[in-house]
Amino acid sequence: MSRINKNVILALLTLTSSAFLLFQLYYYKHYLSAKNGAGLSKSKGSQIGFDSIQWEGWFRIAENMGFQCLKIESKDPRLDGIDSLSGTEIPLHYICKLAAHAIHLVVFHERSGNYLWHGHLRLKGHIDRKFVPFRKLQFGRYPGAFDRPELQQVTVDGLVLLIPKDPVHFLEEVPHSRFIECRYKEARAFFQYLDDNTVEAVAFRKSAKELLQLAARTLKKLGVRFWLSSGTCLGWYRQCNIIPYSKDVDLGIFIQDYKSDIISAFHDAGLPLKHKFGKVEDSLELSFQGKDDVKLDIFFFYEENDHMWNGGTQAKTGKKFKYLFPKFTLCWTEFVDMKLHVPCETIEYIEANYGKTWKIPVKTWDWKRSPPNVQPNGIWPVSEWDEVIQLY
């Protein structure tokens, strides 16, 4: 098998990284504000033509070195919520081959949650499926999200390169990096008819966002995985926002990820325990009091045969309830300026909890009767009430 000259690789990598940097700086200066991608300059979307000019030059240089190159572009998901710029394309992947060798350049883009994102390597109709063995490429089967790594300079086989300072953490992220985008177009359609911009709604969303951010920081310090659950998950999926009449923030945690210092950690963060129902072995649920009367509910999920479930307890009667969900895995998404987990099988998760009519807002909700996945689960023995029903 032929060997590629190291100087050729170095030149190509240097040229690529420089072009990526220039493009990102230009892109952010003209299209995205420093926060949430909502502020726009007077520049129009057509000015993104800078991209095609720069990359065509890059291609010519690579081809002069003897490479055959393939460029994969797609719509920028960060602009899907902005009508005037929706549809703008950005570079996602570059694949260059020489003889039997291939270099896969993955473009990582900054997101407002201070993390890095790469897009799906989706082959369009005109692309040669035999250009390289695409199925063997490690990146691109789906979009991915990664913590922003601190970089360090190293020399590998005589080449000076930048790599993550903690390469083990980066490599551990790869198999769990799958990313699901918020459904911006559907959210725009939803808000055309059902937007709520009252003073109360705006104030609640602000308080709920701050509570969610505080909870995320606290659980991250503990190393506890969590995801958006119940009404908070529905708000993300249906309207890319917090449901203003939900009055709380809902999170899910696998029971195997439970840590005994969760309650004390939240207390230290300024979130005192409001109630504790159940126990680690059965139907555990924690609720913490945030400011402005917004509470944080954490539901712990248990695996059983072909499904998962979380429990509920009625304090005055000791009755137990069980909410059944099909098994699911976790994906990343962006919500309220953060990289957060949601169930990858989102629609199945939401339909289990809210039924086929989840698109229709329901402001009157009985947690014991309304969910289609709820079922009675017995009653706590009176002798255990002091342990399994704790109100503060």
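1. Cys182 and Cys240 are joined by a disulfide, S to S 1.7 Å; a disulfide here is a pair of cysteine sulfur atoms within 2.5 Å. The link of Cys182 and Cys240 is left-handed, with -135 degrees about the S-S bond. Cys182 sits in the loop between helix H3 (167–173) and helix H4 (184–194), and Cys240 in the loop between helix H6 (230–239) and strand E10 (248–254), so the bond ties together parts that are 58 residues apart in sequence. Helices (H or I, at least four residues) and strands (E, at least two) are DSSP runs, numbered from the N terminus. Cys182 has 6% relative accessibility and counts as buried; buried means under 20% relative accessible area, exposed over 50%, and partly exposed in between, with a 1.4 Å probe and protein chains only.

2. On the basis of these values: this is a predicted model, in which local features need pLDDT of at least 70 and side-chain atom pairs count only at pLDDT 80 or more, while totals for chains, interfaces and linings use all residues. Residues are numbered from 1 along each chain as its sequence is written, and side-chain values use heavy atoms, with hydrogens and water left out.

3. How many disulfides does a search of the whole structure find? It finds three. Counting bonded cysteines along the chain, their pattern is 1-2, 3-4, 5-6.

4. Another of the disulfides is formed by Cys69 and Cys96, with sulfur atoms 2.2 Å apart. Its torsion about the S-S bond is 110 degrees, and the link of Cys69 and Cys96 is right-handed. The pair links distant parts of the chain, 27 residues apart: Cys69 belongs to strand E1 (residues 68–75) and Cys96 to strand E2 (residues 89–98). Cys69 is buried at a relative accessible area of 16%, and Cys96 is buried at 1%.

5. Cys331 and Cys344 are also joined by a disulfide, S to S 2.0 Å. The torsion about the S-S bond of Cys331 and Cys344 is about 105 degrees, so this disulfide is right-handed. Cys331 lies in strand E16 (residues 330–335) and Cys344 in the loop between strand E17 (338–343) and helix H8 (346–354), 13 residues apart. Both Cys331 and Cys344 are buried.

6. Turning to charged pairs, the count comes to 19 salt bridges, a salt bridge being a side-chain nitrogen of Lys or Arg within 4 Å of a carboxyl oxygen of Asp or Glu. One of them pairs Asp257 with Arg225 (2.9 Å, N to O). Asp257 is in the loop between E10 and helix H7 (262–268), and Arg225 is in the loop between helix H5 (199–222) and strand E9 (227–228), 32 residues apart.

7. Lys279 forms a salt bridge with Glu384, the closest N and O atoms being 3.2 Å apart. This pair links distant parts of the chain, 105 residues apart: Lys279 is in strand E11 (residues 273–279), and Glu384 is in the loop between strand E18 (374–379) and helix H9 (385–388). Glu384 is partly exposed, at 22% relative accessibility.

8. Lys295 and Asp297 meet in a salt bridge at 2.6 Å, N to O. Lys295 is partly exposed at 22% relative accessibility, and Asp297 is buried at 4%. Separately, a network of salt bridges links Arg111, Glu181 and Glu334.
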